[in-house]
Amino acid sequence: MSEQTAKPLFDLNLTDEQQLMRDTVRRFAQTELRPIARKADEAAAAPSGIYEKTLELGFNAVQIPEALGGFGAPRSPISNMLLIEDLAWGDMSLAIGALSALSFINTVLDQGNESQQAKLLARFTEESFQAAAIALTEPGARFDPRRLKTKAAKRGHDGYVLLGEKTLVPFASDAAQLLVIAELEGQGPTAFAIDPKQAGVTVTTESYMGLRPLALGRVKLDNVEVPLDAKLGGDKPFDLDRLLDLTRIGSAALAVGTCQAILDYVKDYCNERVAFGEPISNRQSVAFMIADIAIELDGLRLLTYRAASRAEQGLSFKREAYLAQLQAADKGMKIATDGVQLLGGHGFIREHMVELWYRNLRAVSLLEGVLSV
Amino acid sequence: MINLELPEQLDGLQQLMHAVAQNVLRPVSRKYDTQEHDVPTELSVLDRRPKPGQAAAAAKQRPEPGVKQPNKNGQNMQSVTSIQEMCWGDVGLMLSIPGQGLGNAAINAVATPEQKERFGTCYASMAITEPASGSDSGSISATAVLDGDEWVLNGEKIFVTAGDRCDTVVMWATVDKSKGKAAIKSFVIPKGTPGMEVVKLEHKLGIRASDTATILFTNCRIPKDNILGSPEVREGGKREGFGKVMQTFDNTRPGVAAMSIGCARAALDLTEELLKKEGYELSYDKSVWDSSAIEAELYRMEADWDAARLLVLRAAWMADNGHPNSMEASMAKAKAGRVGNAITLRCVELCGTLGYSQELLLEKWARDSKILDIFEGTQQIQQLIVARRLLNKSSAELK
């Protein structure tokens with residue numbers, strides 16, 4: 001370009017590094033995740049060793065500073081979003097499991113001070129898998145992240161005490177660290193790093209319609225005492241909006257990957273399935289449903305990419321993240337229910353994947369605070 | 001690097017066109033909706049026709065295949081950006097700007113340099129549809145017969161946008177009905193040619209500012225080299241004749257999709273402005289379920305609108321970068337067409353009697369938007385195109 005422009009060109013090309021990563025992750029999702037997705041769902045547990053395997057992809061260390069043993073690459077919501085999309089194509093639950101620690105890392109990088117980063121992140125550059133998660137959601141029919149029931153209070157001069165209950169927490173008791181979002185008296189929503197094994201924490205495993213391999217947990221915090229430096233960001237107030245917005249992009253990316261899996265699956269199925277003497281995809285009522293899946297999926301994908309790209313460029317992205325997540329919940333569920341419909345009775349039995357994707361996609365509307373890009 | 005924001009230059013173009021729409025189109029929007037068939041003389045300042053000599057220079061640059069090109073935001077993105085903003089002003093008036101229509105697109109796409117010299121500065125409409133042939137444009141029955149140095153044209157064409165006001169008509173006819181699609185060719189006929197007559201102007205639901213004509217061809221004679229493309233009928237060589245003219249639509253469909261999002265944006269902008277006065281405003285932070293039903297609907301419309309706009313930009317960007325975009329162009333048209341229509345209709349509903357009243361333009365936009373899900377390929381035709389591509393089906397398999 002002859003002259004420097006303040007704003008870059010519209011561009012849908014990935015960088016060479018992103019393309020390379022995408023090729024690798026897609027291969028991994030296809031060969032490692034998809035083949036075990038059904039078994040993991042039935043067992044309501046991730047097969048042992050699978051998360052260790054995801055470490056080969058090396059994503060946790062990418063953005064961690066070099067001084068802490070990472071690669072020190074800049075924060076990249078776009079790359080993280082692509083990672084979520086591609087792993088979710090393999091399996092949404094295992095993608096969340098594999099990336100829950102990255103979500104924790106992203107939040108600590110965004111909002112933790114230097115000494116907290118050193119303390120909390122070094123472990124993620126090691127070769128063993130370290131589970132971590134964000135605990136935001138609370139039990140009940142209408143959870144509102146702006147009206148947290150989990151409370152934090154100052155305990156003398158040397159710490160805080162946490163009281164409340166969190167739900168939908170990946171790994172829960174197995175996590176090395178949890179980031180609990182609680183209402184701190186006088187200061188609003190605040191994040192605290194806790195060890196789920198510490199006194200006062202009780203974890204029970206929950207059972208859901210989908211996301212079963214995650215063995216999500218209910219975390220009860222009964223006057224859990226944490227030191228002063230457990231409060232993320234020190235004196236700086238916690239930016240809950242940023243966490244919500246980034247995790248909305250994460251939820252949308254999960255939907256994009258899962259819906260792509262559905263599209264790929266129903267395309268093949270309907271081309272092969274013969275009724276009345278020809279493939280059912282020769283009928284407009286079937287073919288148009290598939291066309292609409294593709295159209296809505298691409299619209300959703302572009303909304304999600306735009307939100308991530310705005311986040312990466314430091315532009316405001318609240319509106320875009322909100323719309324991406326809303327569209328992901330609406331269109332994602334529509335695509336999933338159509339996916340089952342297209343297989344007819346076969347879609348309803350557990351031999352095919354579509355019923356599993358149907359159960360998982362219902363979660364997109366409630367995954368705020370789970371996967372940050 | 002992935003970036004879905006417009007660059008400086010397109011931002012500027014968008015603002016400029018928005019101002020033109022606001023200042024030139026909006027003030028006369030209701031006038032020409034009411035005075036259907038009056039020529040909107042206020043539009044002469046927007047004449048899009050190139051000056052003589054400029055036509056040939058505007059020839060398209062095609063990227064070399066196989067060579068990695070730097071990312072481009074070019075002609076196609078400019079086009080959808082300006083169309084969107086002009087249609088935020090008024091769809092019917094935008095369609096009445098001399099030199100911007102389908103006929104010109106066909107000439108630009110297929111004409112030889114010599115033909116571009118002759119026809120490049122004209123105001124051309126496109127005559128395809130017949131009383132018994134709409135989406136199935138391969139079935140047209142208008143005929144062209146070579147007689148010495150002249151083509152003799154016969155047939156009836158309907159729904160010709162700008163058919164009355166244009167100075168030139170691009171008309172589709174078959175040179176041999178028995179040879180099917182391969183024999184369909186397009187011909188350029190200057191107005192005033194004996195045997196070509198505008199016999200009727202339609203009265204429409206919307207886009208009333210734009211004239212829609214029926215044109216009758218009765219032994220209409222034009223010079224032999226007024227045919228666009230080769231006169232030869234190559235059976236099996238679909239891409240040569242019919243396929244080539246149909247390809248014009250790959251370039252114009254994102255444009256019609258842009259019309260739809262422009263019109264829908266107009267409705268959303270006004271609706272949000274009116275509802276703000278009633279205390280409804282979007283904050284983009286609380287759950288849709290904790291919002292009022294009106295706010296929830298606005299959020300959903302914003303989401304659909306953004307998705308449609310991004311699909312349009314993608315299709316245009318692909319064309320600018322030499323990527324085949326037939327499926328993506330149809331995706332954009334399908335999504336934008338249905339979303340644009342749904343949004344304009346919902347906005348009327350949300351604004352109650354004010355929405356339904358002719359005091360404002362909301363009811364007009366709800367009428368205008370319907371055609372955008374119909375012309376240049378209906379919703380269902382777009383779905384068909386997308387489905388055939390996705391499922392790898394021929395038109396014989398997926399009818």
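Select helix α9 of chain A, residues 318-342, together with helix α8 of chain B in this predicted model: the axes of the two helices come within 9 Å and cross at roughly 95 degrees. Because angles of 65 to 115 degrees count as roughly perpendicular, α9(A) and α8(B) are described as roughly perpendicular to each other.

Next, show the side chains at this crossing. From α9(A), pick out A:Leu323, A:Leu326, A:Gln327 and A:Asp330, which meet B:Tyr299, B:Arg300, B:Glu302, B:Ala303, B:Asp306 and B:Ala307 of α8(B). Coloured by class, the residues of this contact divide into five nonpolar, one polar and four charged.

Now widen the selection to the whole interface between the chains, where 38 residues of chain B are in contact with 40 residues of chain A. On the side of chain B that touches chain A, the elements giving two or more residues are α8 (293-320), α9 (326-350) and α12 (379-391), all of chain B. Which of these elements gives the largest share of that side? It is α8(B), the helix already selected, with 12 residues. By class, the side of chain B that touches chain A holds 23 nonpolar, four polar and 11 charged residues.

The crossing of α7(A) and α8(A) is left-handed, and their contact comprises 20 nonpolar, two polar and two charged residues.

Finally, display chain B as a whole, in cartoon, where the secondary structure comes to 12 helices and eight strands. Its radius of gyration is 22 Å, close to the 21 Å that the globule rule gives for 399 residues, so chain B is as compact as a globular protein of that length. Turned onto its principal axes, the C-alpha trace of chain B spans about 75 × 50 × 45 Å.

With chain B still displayed, colour its residues by burial: buried residues make up 49% of the 399 residues in the chain. To close the tour, draw the contacts in chain B between residues at least 6 apart in sequence, of which 77% join residues at least 24 apart.

Conventions: Residues numbered from 1 in each chain as written. Chains lettered and ligands numbered in written order. Predicted model: local features only at pLDDT ≥ 70, side-chain atom pairs only at ≥ 80, totals over all residues. Helix = DSSP H or I, 4+ residues; strand = E, 2+ residues; numbered from the N terminus. Rg over C-alpha atoms; globule rule 2.2 N^0.38 Å. Buried ≥ 20, exposed ≤ 12 C-beta atoms within 10 Å, placed from the backbone. Contact = placed C-beta atoms within 7 Å. Left-handed = near helix turned anticlockwise from the far one by under 90°. Nonpolar A, V, L, I, M, F, W, Y, C, P; charged D, E, K, R; others polar. Axes fitted to C-alpha atoms, helices over the stretch in contact; angles between N-to-C directions. Parallel < 35°, antiparallel > 145°, perpendicular 65-115°, else oblique.
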